[in-house]
Amino acid sequence: MKHPVVSSILAGLASSVVLLVLWEVLARASGVRPIVLPLPSAVLVELGAEWRWYLGHAGYTTMTTLAGFALSVVGGVLIGTAVASSRRCERFVYPLVVALNSVPKVAVAPLFVIWMGTGAEPKIAIAFLIAVFAIIVDTLHGLRSVPQDVLDVARVLKGRPLAVFWKVRLPGALPSIAAGMKVAVSLALVGAIVGEFVSSQRGLGYVIMSAQGTFDTVRVFAALLLLALIGLLLYGALVWAERALTPWRANDKH
Amino acid sequence: MKHPVVSSILAGLASSVVLLVLWEVLARASGVRPIVLPLPSAVLVELGAEWRWYLGHAGYTTMTTLAGFALSVVGGVLIGTAVASSRRCERFVYPLVVALNSVPKVAVAPLFVIWMGTGAEPKIAIAFLIAVFAIIVDTLHGLRSVPQDVLDVARVLKGRPLAVFWKVRLPGALPSIAAGMKVAVSLALVGAIVGEFVSSQRGLGYVIMSAQGTFDTVRVFAALLLLALIGLLLYGALVWAERALTPWRANDKH
Amino acid sequence: MQPSSVLAKGVRKQYPGPRGVQALQGVDAEIGAGRFVSILGPSGCGKSTLLRCIAGLEDISEGTLTVGGRAVDGPPDGVGIVFQHHALLDWRSIRDNILLPIEFAGKRVADYTAKVEHLLRMTGLQDFADSYPRELSGGMRQRAAICRALVDDPPLLLMDEPFGALDALTRDQMNAELQRIWMETRNTVVFVTHGIAEAVFLGDEVLVFSPRPGRVAHRFVVDLPRPRPLAVRETPQFGQYVGEIRRLFGQMGLLDETGVATA
Amino acid sequence: MQPSSVLAKGVRKQYPGPRGVQALQGVDAEIGAGRFVSILGPSGCGKSTLLRCIAGLEDISEGTLTVGGRAVDGPPDGVGIVFQHHALLDWRSIRDNILLPIEFAGKRVADYTAKVEHLLRMTGLQDFADSYPRELSGGMRQRAAICRALVDDPPLLLMDEPFGALDALTRDQMNAELQRIWMETRNTVVFVTHGIAEAVFLGDEVLVFSPRPGRVAHRFVVDLPRPRPLAVRETPQFGQYVGEIRRLFGQMGLLDETGVATA
Amino acid sequence: QALEPVKVRLDWTPWANHAALHLAQQKGWYRQSGLDVTLEDGNGSVTTVQIVGSSNAFDIGHAALAPAMIARDKGLPVKALAVFLRKNDIGMLVPVDSGITGPAQLKGKKIGYTAGSLEAPFVDAFLAAGKLKRDDVELVNFDAASKATNYAVGRTDVVFSTIPFVLPTTSKARPSRAIPFADFGLNMPSFGLVVSEAKFAERGEVLAKFASIVARTWEYIYAGHEDEAVDAIVAQRPQARLDRAVLRAQLDTLKLFFDNKPGERVGVPQPADWEAAVKTLSSVQLIGTSRPASDYYVPGRVNPAAFDALVAK
Ligand SMILES: Nc1ncnc2c1ncn2[C@@H]1O[C@H](COP(=O)(O)OP(=O)(O)OP(=O)(O)O)[C@@H](O)[C@H]1O
Ligand SMILES: Nc1ncnc2c1ncn2[C@@H]1O[C@H](COP(=O)(O)OP(=O)(O)OP(=O)(O)O)[C@@H](O)[C@H]1O
Ligand SMILES: Cc1ncc(C[n+]2csc(CCO)c2C)c(N)n1
Ligand SMILES: [Mg+2]
Ligand SMILES: [Mg+2]
């Protein structure tokens, strides 16, 4: 287990370095103004100099993201399951879910502050709302792709709905749900940032906002770089969790 | 075919009406100020009175969305396929894709305007970037869940990679890709709106932006309602296309 | 629990859809409680369909079908089933797959440890209790599915070619075992097979199906004393049953030496 | 294209992973070009594994394995295969499934219309050309998979229990058909089966495998003239072959009347 | 005794128009007057007015007052409590070498503006002052954050924005001159303090005290203590990495928009201003004319003089 994980982290690191170097070279060569696009070297220096401060904000954003993401997984699996199991849910509730999901949260974010105040709640709520749809759709897809013969076994054995869900449907849908989670986790991160844009004194969204107000592009990009890193780490954690939770799948299939 | 489609449209309509009535009743009862949350009746009256004007903006946003979505489907399937087929891609390119996806487009949208101007291009680009990841992840998931025995058949028959892709991998991954498309289409819509927020003279994002500046909440919600409707229609179109493209799946499984 | 009887009267089954195949047509069968009934019939004649109908997994299009005296409407209580294809849960080890009926019945898993071990040993899977289905050979998966169907001693046992992927010797063993278990439990068994000898060896009666749309073309009562040793297959009486069925098959007009099917 | 020979020397196959089963151990086999070789062996002994190794789908852990004189490293050219489980493509009609090898070979599909029709008729699937696999019975799917393996007359044909899900009569027909086709094409066939009679009827030789880890325990050359009529199975010479193999199986110590496997 | 908490929502992230709010904090004047003030950054005046007007999260907002008027006219019960910038600070930035002195020279020019901000409704009126129509120019809508940058890098010829905010920052990249809309007859109050009626009914005393302290602090700043104010912002927002020179320049620009006649105290709403504001806003249909001007503000509660002694200490 150790070797592939270490080596894939190294691979990711290597290509990040390549990208940063490329960006540096291109930025220098093209003479693009640093106020538009700063040099990555400057961004890294900035991060190095103030890493404690950035870490604090990154931590806050990560917490918000995780809370919103956790809610979206629970909520998404529940809603997806309800829609998959009940024709009525599918016909009457699901269209509303789809419609509501198409309302850009960015546009209604102020309403959340009005309703929920200026704490972590509105950020978590926005993260949840942005992320949950991916989970719903992939849960639905996963539940619908559980092999019919396996469902037949459960039906003949007359398992209680809850037992069938836990022992048959959910494990069968797990690979799809995991795919949904991979999409959802970065959406939750974006949601947390959107929430912080509207009202916050902490978090990387706040950092970006206030740096934009002072045209501090280096700081904006430092925060963006951290967001990329957080996204990557969260994704990596999900891949790891997926492997741990689906031991029956061949390793090389991941 | 006709009967279920018509009846499911009716069902969606019915629950929308119920939601709107509920919203109206609750809003009246709770005495929430219309400037915060307008009455749906007022929103519908507004839409009815100026439907031509709204239709123009909705059309523009829909076009941008469709362009970004189409690009994201092509790009997402290509990238997902590359990552699924090449270990090198998976290890070196994919982490970058994941990392870049975690950068909130809302925060970098201004850069797109600087790079691409103020036409439709930056909006399409943002819609593409927001939507593509869902396609990538679900393409990857789909390609990885093509049954091994079927892949073995293709290997033994020594099909050319391209032929194997078109005849085996892609159809096998199609149900998953369709799930990804359902998530992506509403993300593309949000992306188009975000793009219009940053710079635009047209589209529902522009409508929302300018109405917000003058506290014209009725107009904001009229645009949001249209977005919900557009999202629902696009989703419905995808479900229909999915059925048409996967005739081998039992109908009731959709 | 009492073994369940199965009664079919004029059962017709048409699959839905514009090109929906008519799989069964006027199937009449009376399977008494505690009987072991083998079903033989050409491929595609509707044997699996009938089993699925009895299990409540498919609706019948016409006729009546009762299990334990009650019209089938959804899976009846106390049914164990071996599907034609194993239908194991990929995400459960072999042991946990076998324990599924116990868990679904809400019984204590711990009470069945010994029974599962016995079944695993009987089917030669003792070394694979903790393996996942994908690590097993085709025949091994089928054996695991058999264990799963047997573990809770269902009053009605439906088996769809359970031994199709087994070699002749393992198959013989399984035949002997199944007879032994059945004689202990005396549940009702509906046993679809392609082996004429197997059908006769195991069955109290043998129903032979016509080609699609399937119906019961002939019913043979096998009057051989139990327990039947494997060697019974070399007796003239046994040979007579087999020969008779073989002849019937031939009359259904399927075979000629060039091999081109005429049906 | 010339039929391909298959040569195995000391082939060992261990599946990967900490608990990876050793499926094959010291398999030696020489399958001459144009020969029809049947493989018999207990369930789980590694027959499918060997076939997959020959097809280049699994790496061997030790030994040498050549097809047409070349070491196997990925699928060799000109292989047709029937997997133990049908492996049809859900999203293609039966006809399109059968045409897959033609399409992959880059040949003109139109040139094979008649051939496909013939194969469909031969396997009794003529009414199901436009059906999807999920609309077929187990045996019908298996027959479709056989058609797919035969359509392009592969120089090396690997068949893993192709007739396992067929009733006795359809199976007999298919046996006769396969022999007829093989006598026309004279390609190399490796044919895994659980039917001893079937192995003898079809094979130029029969390889009997030991229990896992599998190796060739015995090789029988079947010296019966071709074409062999189905009735050859009632001849004493045929019975002698079958008896000998049966005895060998018994010696491998698998069967006793209580049915509990001792291996 | 216990301090009275006052939670303030600002218009935006830190810039020089928060100088008095921070300096009073830095000086301890809130505490000494029994107030415990916390300041939270905002995301535009519109959102600030909306949140202050319809939620309990904040006691008072610091925002442009025109949005508050529009909101009030549309039924959000908010009023202006204090007016700091009496002159409309919205206007046009043009490159110093462009020769543009007013709307008349804008024909064919590319103009950056923000659809969701306050300059948008005045675009037509401003152009009309130069006898131009919308079609005579090329209007390009940007969001607030990217408008200035796009102008600075030359993507637009001119930009409409909040002059004191963008002039100092933008001039570094593209030397520019400001032309206020107010100079073309479009005047209305700019930044001030906004309260919800309910909040004010409940805690009017405390909020008026807060407003008065801030007003008095502005007077203190423009009595030659600009650098002290800059220091206070920087000290209060150590992490914002503000540029002292920019803040100072913003402060100096802001001063032009306070526009108090001799003897008039800072922060006190002046009835004439509000009459003018109603005229301006109703001329572009942003508000109706049914409401009297006096309905938009709380008169007579800002009293900087009450803190002369405190500040003099
Ligand atoms: N993918 C796999 N991973 C790990 N072990 C495997 C795998 N496939 C087969 N095995 C093991 O290898 C051994 C041989 O399997 P194989 O499928 O070759 O048997 P077989 O002779 O074809 O049996 P059957 O007649 O039951 O099909 C079995 O013990 C099985 O558990
Ligand atoms: N899900 C389905 N949808 C449509 N038709 C089906 C379906 N399942 C089976 N059929 C059709 O019903 C007929 C009977 O199928 P069934 O599986 O019952 O046959 P069987 O007797 O079990 O055959 P075999 O011995 O090959 O397994 C076949 O012609 C098949 O094409
Ligand atoms: C980088 C940058 N950020 C924000 C604005 C928007 N803006 C216009 S006026 C003003 C002051 C507070 O209302 C603000 C923040 C801008 N133009 N440039
Ligand atoms: Mg069947
Ligand atoms: Mg096998």
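Which residue forms a salt bridge with E103(D)? In this predicted model, where local features need pLDDT of at least 70, side-chain atom pairs count only at pLDDT 80 or more, and totals for chains, interfaces and linings use all residues, the partner is K167(B), with the closest N and O atoms 2.6 Å apart. Residues are numbered from 1 along each chain as its sequence is written, chains are lettered from A and ligands numbered from 1 in the order of writing, and side-chain values use heavy atoms, leaving out hydrogens and water.

Across the interface of chain D and chain B the rule (a side-chain nitrogen of Lys or Arg within 4 Å of a carboxyl oxygen of Asp or Glu) finds three salt bridges. The residues in contact, meaning heavy atoms within 4.5 Å, are listed by chain.

| Chain | Residues in the contact |
|---|---|
| chain D | 24 residues |
| chain B | 21 residues |

The buried area, which is the accessible area (1.4 Å probe) lost by two parts on being put together and summed over both, is about 2,000 Å² between chain D and chain B, with 68% given by carbon and sulfur atoms. On the chain D side, P75(D), W91(D) and F104(D) lose the most area to chain B, together 38% of what that side buries.

Within chain A, the axes (lines fitted to C-alpha atoms, for helices over the stretch in contact, with angles from 0 to 180 degrees between N-to-C directions) of helix α4 (residues 87-101) and helix α6 (residues 121-144) come within 10 Å and cross at roughly 140°. Helices here are DSSP runs of H or I, at least four residues, numbered from the N terminus.

Conventions:
Helices (H or I, at least four residues) and strands (E, at least two) are DSSP runs, numbered from the N terminus.
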